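Visitor: I'm new to this one and would like to go through it piece by piece. Can we start with how the strands sit together?

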Amino acid sequence: MRLRRAQPLPACIARVALLVASFAAAPAVSEGWNAARFDPPVKVETATDAEGRQITCTRYPDLVVRESDTDTPEPGDAALIPIRGGPPVDCRAAPGINARRLETGVQRFIGRADGFLVFEDASTNGTMPFAVIDAGTGRRLFTDTTTYDGIDRFAAEGPTLRLGFRRGVQGACSIPKGGAACWARIVREEKIPAPVATLPVPAKACAEAYRAGKAPRDTPSIVSFPVRLVWSGSLTVEADGPVRCLPTP
């Protein structure tokens, strides 16, 4: 995703200011997970079950994704219900014996691309964890974490899924305050990929972001970096710089 420059700020400061603004006014889902990239559902239905929970059913020709507690910040595990020519799925009723429970608690369904289902955390403090699930088996294929502005490529080609995004990593310390020691801690605790871990401490990027966001120096840092991910039966990941930095909102 390209961010436009703002005037009259210098280009580097303008970019940081826009990134901070994107965190302050966070969209419902990460930029890039938009409807145009997903298969259109036949219907999306919201109902109330016998226990008074809000249920959302997203229907496709061959399956239904049934979510519960979708009016809360912590949705329950979703269910994947295959359609095999039987009676229509009643969104208010229990999922039934053919349903597969998906381990998606606190996540919401945001779309399907061919054989892949994508879920994202319903609430966040600055980074956006997501999960990709096999639409046929309900098996979780992989998880990762992006930033709000981070997804620039998303394409399903049969059994292959290609993603390009900025991986967001929530640190437990502040780079402006702790400097190289904090960066080393983030690298160690968050298992930053080697090509990124060997890059210089993003001290300048952090300082600019904290000034633009008027954040205290001891606010924990979020760092992000480009990732290119391919799933085709197994996962391959490439990561590099530049590293960006933001204060935790």
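Visitor: Which residue of β13 does S221 stand opposite?

Guide: S221 stands opposite P247 in β13. Strands here, at least two residues marked E, and helices, at least four marked H or I, are DSSP runs numbered from the N terminus. This is a predicted model, in which local features need pLDDT of at least 70 and side-chain atom pairs count only at pLDDT 80 or more, while totals for chains, interfaces and linings use all residues. Residues are numbered from 1 along each chain as its sequence is written, and side-chain values use heavy atoms, with hydrogens and water left out.

Visitor: How many bridges join β11 to β13?

Guide: There are 4, and the two strands run antiparallel. Two strands count as paired if DSSP finds at least two bridges between them.

Visitor: What about β11 and β10, how many bridges there?

Guide: Strand β10, residues 160–170, pairs with β11 in the antiparallel sense over 10 bridges. Q170 stands opposite I222 in β11.

Visitor: And β12?

Guide: β11 and β12 are also antiparallel, with 5 bridges. W231 stands opposite L235 in β12. The hairpin of these strands has 3 residues between them, and G233 in it takes a positive phi near 90 degrees.

Visitor: Now β3. How many of its residues are buried?

Guide: 6 of its 6 residues, which are 63–68, are buried. On one side these are L63, V65 and E67, and on the other V64, R66 and S68, so both faces are covered.

Visitor: Which strands pair with it?

Guide: Strand β2, residues 54–59, pairs with β3 in the antiparallel sense over 5 bridges. I55 stands opposite S68 in β3, and the two strands form a hairpin with 3 residues between them. β3 is also joined to strand β4, residues 79–82, by 4 bridges, again antiparallel. L80 in β4 is the bridge partner of V65.

Visitor: What does T56 touch?

Guide: Leaving out residues up to four places away in sequence, T56 touches V44, E45, T46, V65, R66, E67, T70 and C91. Contact means heavy atoms within 4.5 Å. The side chains of T56 and T70 are joined by a polar contact of 2.9 Å. A polar contact is a pair of N or O atoms within 3.5 Å; within protein, one must be able to donate a hydrogen and the other to accept it, and residues adjacent in sequence count only if both atoms are side-chain atoms.

Visitor: Where is K191?

Guide: In the loop between α3 (180–190) and α4 (194–197). Phi of K191 is near 55 degrees, also positive in a residue other than glycine.

Visitor: Which peptide bond is cis?

Guide: The bond from G241 to P242 is cis, with omega near 10 degrees. P242 lies in the loop between β12 (235–239) and β13 (244–247).

Key. Buried means under 20% relative accessible area, exposed over 50%, partly exposed in between (1.4 Å probe, protein chains only).
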